[in-house]
Amino acid sequence: MADSDMPNADGDGKQIKEETTPEIAITVTEDPEDKVKEAEKLKEKANEFFKNEDYNQAITFYTQAIELNPDVATYYCNRSFAYLRTECFGYALNDAGRALQLDRSYIKAYYRRASANMSLGKYKLALRDLETVVKVRPNNKDARAKFNECQKIVRMMAFQKAISVEDSKSVAEQIDLAAMSIDDDYVGPNFQNGTVTEEFVKELMATFKDQKSLHRKYAYQIILECKNLFMDQPALVDITVSAGEKFTICGDIHGQYYDLLNIFELNGLPSEKNPYLFNGDFVDRGSFSVECILLLFSYKLLYPNHFFMARGNHESYTMNQMYGFEGEVKSKYTAQMADLFTEVFNWLPLCHCINNKILVMHGGLFKDDSTTLDDIRQLQRNRQPPESGAMCELLWSDPQSVCGRSESKRGVGTMFGPDITKSFLQRNNLDYIVRSHEVKQEGYEVAHDGKCITVFSAPNYCDTMGNKGAFINIRGDDLTPKFTSFSAVPHPNVKPMAYASSLFSMFG
């Protein structure tokens, strides 16, 4: 919940008392008392929208309150919380910082800033703010637990960095499939002639739908074979769709397995005559991410030239650690498998070009106006996403309605306007771009004069957003996009984020 007259999400809502903290004088103009009262009414209205999980409307009214009375730390802190909920981590970071400029003693602002930094994988910065809270509130168990958890992650990351230098063998090289035996009482899907078949995949779909498991030997083999496939692919994969052939583009899935099955129900199972491209963020948040990724990987093995997968910003170690995939893999299989997924995700292609006319990437365009398709082809992608540069922007950037570029609302990548899109398309002889990465109410959005299309395929995202999902159909002789929106389907009673880091409670 947001601050002031609303239940507290972190701590008791008290502020740190410091004798050295100066009082902030509110700058008054004409009718100052009326403006103060109106700002409070707008804040209360925003709080109601927040409670009803309409975070965009909450942001609108917090912003109006700030415009009337810009010197109230609570307004910025509340809006920071709403930005966190909409994954605008850069804006959340800025608002938390502004709140602390106004009131260095404001405890929740430290939590908000720590949350934003953790969402961006900046655990050391987050730890500083949590340490501040613990010093002031040494007896607060909640604050101490969050500090300890964050400190554990920082130490673990330092340890992993150290041992990665000492051990040159990849995780894949350490796995001995021959030593894994299939238990006699195992009743799930089995490989036929040692490989993935159409029958295996159909049985796998049904097994996962019934909340049953695939044997770990088969799971490991699927992941290892996919790694080999992805390693042989370039950073930018060229796709040819023949005249009359249908091709489907899907956006974020985010571990919503039952909605993934619904896509196949609506649009047909993948096949050589029904090819698909899934445009990143297959995992995290939804609590059936393991089922999603193993099914998608199985289809990649079954139809390597007709089933495509691109990397999203959530196919990364820090995102998986925070938003549930790592915890889910450890729960359903092993910590070693979680490390193997990290290794495989590093090899996922960064984008796809369809018929030399449609560029499909997860995030968006670039800060550098001179970027070309050849520049993308030459990117070295076998690594964790960097904090800047073309690879980062492909995974993190977002469009904006105004021309030019702006600071990213997420704190990573950039915001790019219709003029940037037009220039990039002209320079690279393309018709339009397709990207994902953002929730849209109908599951898709057409922007920038039809040249920038967003598709998002996780309906009722996180069981709270109320949005539809969508997918795009094109044909080889008609690249005009056709959109299909669909609603969420029921799923077993396992809440989103069930396997997420305990630190995620800072967002709730």
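Visitor: Which residues is His306 in contact with, if we leave aside its neighbours within four places in sequence?
Guide: Welcome! This is a predicted model, and in it His306 is in contact with Ser271, Glu272, Pro275 and Tyr276 once those neighbours are set aside. These count as contacts because their heavy atoms come within 4.5 Å of each other.

Visitor: Where should I look to find His306?
Guide: Look in the loop between helix 11 (289-302) and strand 4 (307-309).

Visitor: What makes His306 partly exposed?
Guide: Its relative accessible area is 24%. Buried would need a value under 20% and exposed a value over 50%, so at 24% His306 falls in between and is called partly exposed.

Visitor: How far is His306 from Asn117, C-alpha to C-alpha?
Guide: Their C-alpha atoms are separated by 39 Å, and the two residues are 189 residues apart along the chain.

Visitor: Which residues are in contact with Phe366, beyond its neighbours within four places in sequence?
Guide: Among them are Ile376, Ala390, Leu394, Ile420 and Phe424. The list also includes Glu393, Arg405, Thr371 and Thr414.

Visitor: How do you know whether Gly389 is buried, partly exposed or exposed?
Guide: The relative accessible area of Gly389 is 32%. That value lies between the cut-offs of 20% and 50%, so Gly389 is partly exposed. You will find Gly389 in the loop between helix 15 (373-377) and helix 16 (390-396).

Visitor: And Ala114, what makes that residue buried?
Guide: Ala114 comes out at 0% relative accessibility, and since the limit for buried is under 20%, it qualifies. Ala114 belongs to helix 5 (residues 107-119). Its C-alpha atom is 8.0 Å from that of Arg128, which is 14 residues away along the chain.

Visitor: What is the phi of Asn193?
Guide: Asn193 has a positive phi of about 55 degrees, although it is not a glycine.

Visitor: Why does Asn193 count as exposed?
Guide: Asn193 has a relative accessible area of 82%, and exposed means over 50%, so Asn193 is exposed. Asn460 has 23%, which lies between 20% and 50%, so Asn460 is partly exposed.

Visitor: Where are these two asparagines?
Guide: Asn193 is in the loop between helix 7 (141-166) and helix 8 (198-209). Asn460 is in the loop between strand 12 (452-455) and strand 13 (469-475).

Visitor: Now for the pocket. How much space lies in the second largest pocket, and which residues lie nearest its centre?
Guide: The second largest pocket holds about 560 Å³ of space. Its lining has 28 residues, with Asn56, Thr86, Lys409, Val439 and Met465 nearest the centre. Helix 2 (55-68) and helix 3 (73-85) are the elements that give two or more residues to this lining, and helix 2 gives the most, with 3 residues. By class, the lining has 10 nonpolar, 8 polar and 10 charged residues.

Visitor: How do you know whether the chain agrees with a compact globule?
Guide: For 508 residues, a compact globule would have a radius of gyration near 23 Å; the chain has 24 Å, so the two agree. The C-alpha trace spans about 75 × 50 × 45 Å along its principal axes.

Visitor: What does the secondary structure of the chain come to, and what share of its residues count as buried?
Guide: The chain has 17 helices and 14 strands, and 56% of its 508 residues count as buried. The accessible surface comes to about 21,600 Å², and 47% of that belongs to carbon and sulfur atoms.

Conventions: Residues numbered from 1 in each chain as written. Predicted model: local features only at pLDDT ≥ 70, side-chain atom pairs only at ≥ 80, totals over all residues. Heavy atoms only, no water. 1 Å grid on protein atoms, 1.4 Å probe; cavity = no way out; pocket = protein on both sides within 12 Å on 5 of 7 lines; lining within 4 Å. Points joined across faces, edges and corners; volume = space filled by probe spheres on them. Helix = DSSP H or I, 4+ residues; strand = E, 2+ residues; numbered from the N terminus. Nonpolar A, V, L, I, M, F, W, Y, C, P; charged D, E, K, R; others polar. Rg over C-alpha atoms; globule rule 2.2 N^0.38 Å. Buried < 20%, exposed > 50% of the residue type's maximum accessible area, 1.4 Å probe, protein only. Areas by Shrake-Rupley, 256 points an atom, 1.4 Å probe, with all protein chains shown as cover.
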